[in-house]
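Hi everyone, thanks for coming. Let me put a structure up on the screen and walk you through it.

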Amino acid sequence: MSEPIDASATGASVLGVATPSDLQFTCPRCGNEVTERLFGPCGTCRADLRATQGNEQTDLEAAEYEPKMNVVPNAIASKE
């Protein structure tokens, strides 16, 4: 029979228990003490930011390319 995997050895969090890879810090946005894997806004602040600042992705259609004519054609070259 195989042995169970030790979650602390993989750096995974088990049932919300902090592992050595988790950081304890003050959220830079709300000021609450949090334990997260990476420094930045806490989970509550991230959800709030997504709700207020996030936008749905929209497909934009690019305008058709029309080359600019920087040089006026010479009268003799365009003579028919």
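I'll go from the overall fold to the cysteines, then to an aromatic pair and a glutamate.

A word on the source: this is a predicted model, where local features need pLDDT of at least 70, side-chain atom pairs count only at pLDDT 80 or more, and totals for chains, interfaces and linings use all residues. Residues are numbered from 1 along each chain as its sequence is written, and side-chain values use heavy atoms, with hydrogens and water left out.

The protein chain has 2 helices and 2 strands, in the order α-β-β-α along the sequence. Those are DSSP runs, numbered from the N terminus: helices are H or I with at least four residues, strands E with at least two. Of the 80 residues, 11% are buried, and here buried means under 20% relative accessible area, exposed over 50%, and partly exposed in between (1.4 Å probe, protein chains only). Among contacts with a separation of 6 or more, 0% join residues 24 or more positions apart; contact means heavy atoms within 4.5 Å.

Now the cysteines. How many disulfides does a search of the whole structure find? The search finds 0, with a disulfide taken as a pair of cysteine sulfur atoms within 2.5 Å. For Cys-27, the closest cysteine sulfur is that of Cys-30 at 3.6 Å, too far for a bond. Cys-45 is in no disulfide either, and its nearest cysteine sulfur, in Cys-42, is 3.5 Å away. Both are buried: Cys-27 has 2% relative accessibility, and Cys-45 has 5%.

On to the rings. There is 1 aromatic pair, under a rule that takes rings of Phe, Tyr and Trp (its six-membered ring) with centres within 6.5 Å, and calls planes under 30 degrees apart stacked, over 60 edge-to-face and the rest tilted. Phe-25 and Phe-39 form a tilted pair, because their planes are at 50 degrees, with ring centres 4.9 Å apart. Phe-25 sits in strand S1 (residues 23–26) and Phe-39 in the loop between S2 and helix H2 (43–53), 14 residues apart. Is each one buried or exposed? Phe-25 is buried at 9%, whereas Phe-39 is exposed at 58%.

Last stop: Glu-36, in strand S2 (residues 33–36). The Glu-36 side chain reaches the backbone nitrogen of Gly-43 at 3.5 Å. Beyond neighbours within four places in sequence, Glu-36 contacts Asp-22, Leu-23, Phe-25, Cys-42, Gly-43 and Arg-46. So that brings us back to Phe-25, the buried ring of our pair.

Terms used:
Polar contact = N/O pair within 3.5 Å; in protein donor to acceptor, adjacent residues only side chain to side chain.
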